[in-house]
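Here is a brisk report on one structure. Keep the sequence and the model open while reading.

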Amino acid sequence: MMRRVWAILVAGVFLYFLIAQFLPIIPDFGNADMFLRVSFDIISKSTTSNYNVVEFKKSKDLEDGSANVVTSIVANYRAFDTLGEVTVLFCAAIGVGILASVLKPKRKIEFEEHRVLRISTGIIFPLILLFGVYIFIHGHLSPGGGFPGGTTIALGVLLLMLSNNEFKVTPVAKHIEQVAGAGYVVIGLMGLAIGGVFLMNFLPTGVVGNLFSGGVVPIVYILIGFKVGAELSSVVSDLREG
Amino acid sequence: MTEFFEKLVEILKDPLNVISLSVSGLMIIFAFFAVETKKIVDSLISLSAVSLLSVLLFVVLKAPDVAITEAAVGSGIATAVMIFALWKIDSKADSDNQPDKKADKQLNKAGEK
């Protein structure tokens, strides 16, 4: 009890000094002058041409055509980083699969089946699937991308598992994951062959704001979406079955 | 000291700031609950609640990408994976291999450990 009081006291004093020291220095939210910190070229996405103003649905042939700045960093400028991230997820899925297959008393986690849940899952599952696909296809236009889209699909599969005890993720999911992961590397190698840089954006970038814009970014995000969706579904299924 | 309080009053005039401060207070309460509770299932659920509340904060801070990812990963699939793993650990503990046990029984048993 005494130790807890001391811990709260120390944390309180620390927090007070932190807030009192740094709160007056931090500028108000949204009022920081970004042009002092980041290059104007990167914000306006016009590093290939001179300082033109980027207009939605009008500007074309920019260096990177995706309207979402986060996506243009994650899937274009730092695409190699994302490849490493996907590899980490792959290793985690392999680890869960091995661990689940090694566990000795195999007992499948069973749920009490309910008619209402099963029928309403049948209605809502296509909508969840559609929403996940929307998130990763429009990753270069609106917030989202391959990782959240794939996770949304995996959550739909989890809902199917909760409602139906006979439902099972077949090994097809693992094949989809392998093909998608290999496709990402193949796109990187195509960039190496055409432009001389691994994972280069070799397709035309199009008009900002159109569905077919951003060059290679939508293709990469569709592959990542399939890969993450299949991977996380099989992780949840492995944990349940094993 | 007075400077700090003046700044605080100025911050509290904006309703958005009041909302985000109360959400962060609720997050701290849930985090304490996750540490202090006896049942592991309860602490997993309160961790999920912390993720769900942080989604609101991310939306207020204009980071919708992170908000979508946190809603799907942090409060959805991570909680499911952890609860499944907890049931797996518990199913190893009792030796009788009864497949017809109900899920809520498993939940109670896992929580008591």
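## Leu86(B) and its helix

Leu86(B) sits in helix 4 (residues 64-93) of chain B. Helices here are DSSP runs of H or I with at least four residues, strands are runs of E with at least two, and both are numbered from the N terminus. Leu86(B) counts as partly exposed because it has 18 C-beta neighbours inside 10 Å. The scale calls a residue buried at 20 or more other C-beta atoms within 10 Å of its own, exposed at 12 or fewer, and partly exposed in between, with C-beta atoms placed from the backbone. Gly74(B) lies 12 residues from Leu86(B) along the chain, and their C-alpha atoms are 17 Å apart.

The model is predicted: local features need pLDDT of at least 70, side-chain atom pairs count only at pLDDT 80 or more, and totals for chains, interfaces and linings use all residues. Residues are numbered from 1 along each chain as its sequence is written, while chains are lettered from A and ligands numbered from 1 in the order in which they are written.

## Chain B overall

Chain B has five helices and zero strands. Its pattern along the sequence is α-α-α-α-α. Of its 113 residues, 19% are buried. Take the contacts in chain B between residues at least 6 apart in sequence: 49% of them join residues at least 24 apart. Contact means that the C-beta atoms of two residues, placed from the backbone, lie within 7 Å.

## Where the chains touch

On the chain A side, 28 residues are in contact with 23 residues of chain B. Helix 6 (146-163) and helix 8 of chain A are the elements that each give two or more residues to this side. Helix 6 of chain A supplies the largest share, seven residues. By class, the chain A side has 19 nonpolar, four polar and five charged residues. In this scheme Ala, Val, Leu, Ile, Met, Phe, Trp, Tyr, Cys and Pro are nonpolar, Asp, Glu, Lys and Arg are charged, and the others, Gly among them, are polar.

## Helix 7 of chain A

Helix 7 of chain A has 24 residues. From first C-alpha to last it reaches 34 Å, close to the 34 Å expected at 1.5 Å a residue. The expected span is 1.5 Å times one less than the number of residues. Buried residues of this helix include Glu177(A), Tyr184(A) and Gly191(A). The buried residues pack against helix 4 (79-102) and helix 8 of chain A. Just after helix 7, Gly196(A) takes a positive phi of about 90°.

## Two helix partners

How do helix 7 (residues 172-195) and helix 8 (residues 217-241) of chain A cross, and at roughly what angle? Their axes come within 8 Å and cross at roughly 150°. That makes the two helices roughly antiparallel, a label for angles over 145 degrees. Axes are lines fitted to C-alpha atoms, for helices over the stretch in contact, with angles from 0 to 180 degrees between N-to-C directions. Among the residues that meet are Ala180(A) and Tyr184(A) in helix 7 of chain A, and Leu223(A) and Phe226(A) in helix 8 of chain A. By class, this contact has 11 nonpolar, four polar and four charged residues.

The axes of helix 4 and helix 7 of chain A come within 11 Å and cross at roughly 160°. These helices are therefore roughly antiparallel to each other. Leu83(A), Val86(A) and Phe90(A) in helix 4 of chain A meet Gly181(A), Tyr184(A) and Gly188(A) in helix 7 of chain A. This contact divides into four nonpolar, two polar and no charged residues.

How values were computed: Parallel < 35°, antiparallel > 145°, perpendicular 65-115°, else oblique.
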